[in-house]
Structures are given as structure tokens and as C-alpha cells.
Amino acid sequence: MNIYFFGWPSELGGAGTKLAHLLRLLRGEFEITVVPTVEKEAADTRWQQRIEALGARWMRFEQLPPQLEGWGVLLCNHLMIRPGTLGELRRRGLRLAWSNEMMWTTREELGPLAFGQFDAVLYVSPEQRTALEPQYLHMLTGLRPPAPERVDERATEGWLAGRRVRWVMTGNYIDPAEFPFHERPRGTPPRPLVVGRLSRADADKFPEKFPESYAGLGLKDARFRVMGWGGKIAEQWPRKRFDGRWELLPPCAEPTAAFLQSLDLFVYELGASCCESWGRAVVEAMLTGAVPLVPADRRHHLHALVPHGQAGFHCATRAEFGHYARRLEADDALRLKMSRQARAWAEKKLCNTEEHRERWRRLFHGGAG
């Protein structure tokens, strides 16, 4: 079966990173073509070579044949939602799947949904489905149903508004080989515990009282590393507020895996308005062996990624972030045990290759509405 991904892989950004790992996941299973959206992507010879090395091909939109078959997939690619573009792809024979990736709907996606240009909607988590589905149903039926308190977490696929649009829970896949486990050193002789985080340079991703949230963990001896620093967050928290314990790195200053391997704890407190639909950085950290401390707030999907007390901790308050961080600082054996368990859980439960392939098979072989 032919699969066309409209977008471009990258090492930075949710949709681009997701596509990079999907190419690894689905190689050999489907005939894959990557279609760049803008000229900058079409001129990216490094990723062109990588795509071809993975057994896929890339092709500009204007080079697509007049007759197409199979599926086209848009991963949060609003630039492709242009007047006539989706209709043209459907006229040529493609079925289209849309994945929002975020926790809010956008004006661009709702129109094509209402006019039947998407055959399938993809969700990454039950939390995302809870947030998005009421608005999708409103556009399909003209009714505004109340948001459900909780969707069935066991459901993996279904139909929106009867049989008009299919939905499939595809989740997110991360290739474990791209984030090798790193055995952390013991604290004897004493060494600073390395605490850090990785996210895009978005102030909403950071707690309101940052950097005090890290400094206030109450650790005896710690270093703090943050990658993804710059832009408005650098303006909001000027460097004069950071002492010598801090390293503030711009995006991609280090390879992501190497950065995460340098951390003992991945402390991921978030801004009050931020909701994570999945939590890619948390899983990447777990794969390398960094122990995650995440919000217990069930608006996020983060609690479903981290088994509390086994591979990390859920923290309902700032005091709990400090409590668990100090516990891991004081107990070397526990920290190292949880580091290994974080890798094992992420590799076997969150990034199981065959389970993720089966989710995409269900989408591509399950037909349209």
C-alpha cells in the first residue's frame, strides 16, 4: 500500500520528529513517499538522503502523479490545508488522515472536517481525544455535546458522528535505538545530581516561578541543565537570575540523546495553561535512563507514561517535586534502579515496535467511512 506523508522529518518539533520515527517504524511495511510542504524542506539534501536510506522516497507536490492510491497523512500540517489542495488529493484517489497533535482545535482543520475532506482523525492519547472530540462532533453534526469527563481509555478506534469519519488511536512512536540507555554513576564519591528538562522555547511550557521551581527542590548539591532556551523565555527569565549551577542551552545545542544522557532527573513541571497530549520528551528521557518527575494532573497524558514509584513519580504539588527529588538524591540504589526501570518500561510498554505497527495497520487497512 502507498502512504504519502505531507510534511518533513526533523530532529526538532513534534510533528517533524514524529515523522522521522514513523519512517523507521513503517519501513518495509508500506511504500512511503514524503512530500515536502515548503521549498526549504525540498532543498534539505541531508534529510533527502536519510529518507532514501530508510527505503522511502521524497517527491515535490507538483511531481505527484495524476492518479494516486492509498493514504495521505497530515501530521499537524496546517500549511497543506489550502483551498482546493485537499479536494485535489481526494480527486486523485487518496484517502486522507489528519492528526492534530495538540490539545486544542484550529480553524484550519475544522472546515475540511465539516466538508468531509478527512477520512480519518488520529489521536495520540485518550486525554487528547477528550479535549478535541466534542469540537469535532460539533462540526460534523451541528450539535455541541458536552465534553465527556473521561473517554474509554481502552478504545483504540471508532467513528465520529455515526460513520462519517473514522478515528484511530495511533499514539506516538519513538525508536528506542535512537536514545540509548546510559548507566548513571553512583554518588560516591559525592557528585552533584544533574537535574534538567528539554522542551521547545515556549514560556507556557515552564512553571510560573521558574527558575525557583528547580532551585527550590531542596537538593544538597545539584546542577541544572535546560535545552531549548531562547526567544521569549530568555526575555521572561533573564540570565542574571541564574547562578553558576545553571546551563541554559539553545535548541539542538547538543544531540538530544546525549543531552538526556547527561541528566539524572528529568523534572518536568509545566505552566498552568499547558496540557501535554502525549509527552515525547519524557519518553525520550526515560529511554536514556533519566528518572522523570511529572505533574499528576490528569489533564495531561504524562501520568499514563510514567508508572508512579516504579519508573518515576507523579507530583501533585511543588512540594512533592521536591520530596521525590530529595529522596532520589539521598538513595543512590533507588535512583539507579528506577533509571533502569524507566528504560525497560519505555522500551517494552511505550515504544513496542509491533504494537505501534499494528495501530497504523488498523488505520491503513481499515477502510474509510
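Two strands pair if DSSP finds at least two bridges between them. With that in hand, here are some close-ups of this predicted model.

**View 1. Strand 9 and its parallel neighbours.** Strand 9 and strand 10 (residues 222-227) run parallel and are joined over six bridges. Look for L193, which stands opposite A222 in strand 10. Strand 9 also pairs in the parallel sense with strand 12 (residues 265-267), here over two bridges. In strand 12, F266 is the bridge partner of G196.

**View 2. Both faces of strand 9.** On one side sit L193, V195 and R197, and on the other V194, G196 and L198, all of them buried. Because six of the six residues of strand 9 (residues 193-198) are buried, the strand is largely enclosed by the rest of the structure.

**View 3. Helix 13 from its cap onward.** D331 caps the N-terminal end of this helix, with a side-chain oxygen 3.3 Å from the backbone nitrogen of A333. At 1.5 Å a residue, the 19 residues of helix 13 (residues 332-350) should span 27 Å, and the end C-alpha atoms are 26 Å apart, which agrees. Its buried residues include L334, L336, M338, A342 and L350, as well as the charged D332, R335 and R343.

**View 4. Cysteines without a disulfide.** A search of the whole structure finds zero disulfides. For C274, the closest cysteine sulfur is in C275, 6.7 Å away and so too far for a bond. C274 counts as buried because its relative accessibility is 9%. C315 is in no disulfide either, as the nearest cysteine sulfur, that of C274, is 16 Å away. C315 is also buried, with a relative accessible area of 3%.

Note on methods. Residues are numbered from 1 along each chain as its sequence is written. This is a predicted model: local features need pLDDT of at least 70, side-chain atom pairs count only at pLDDT 80 or more; totals for chains, interfaces and linings use all residues. Side-chain values use heavy atoms; hydrogens and water are left out. Helices (H or I, at least four residues) and strands (E, at least two) are DSSP runs, numbered from the N terminus. The expected span of a helix is 1.5 Å times one less than its number of residues. Buried means under 20% relative accessible area, exposed over 50%, partly exposed in between (1.4 Å probe, protein chains only). A polar contact is a pair of N or O atoms within 3.5 Å; within protein, one must be able to donate a hydrogen and the other to accept it, and residues adjacent in sequence count only if both atoms are side-chain atoms. A disulfide is a pair of cysteine sulfur atoms within 2.5 Å.
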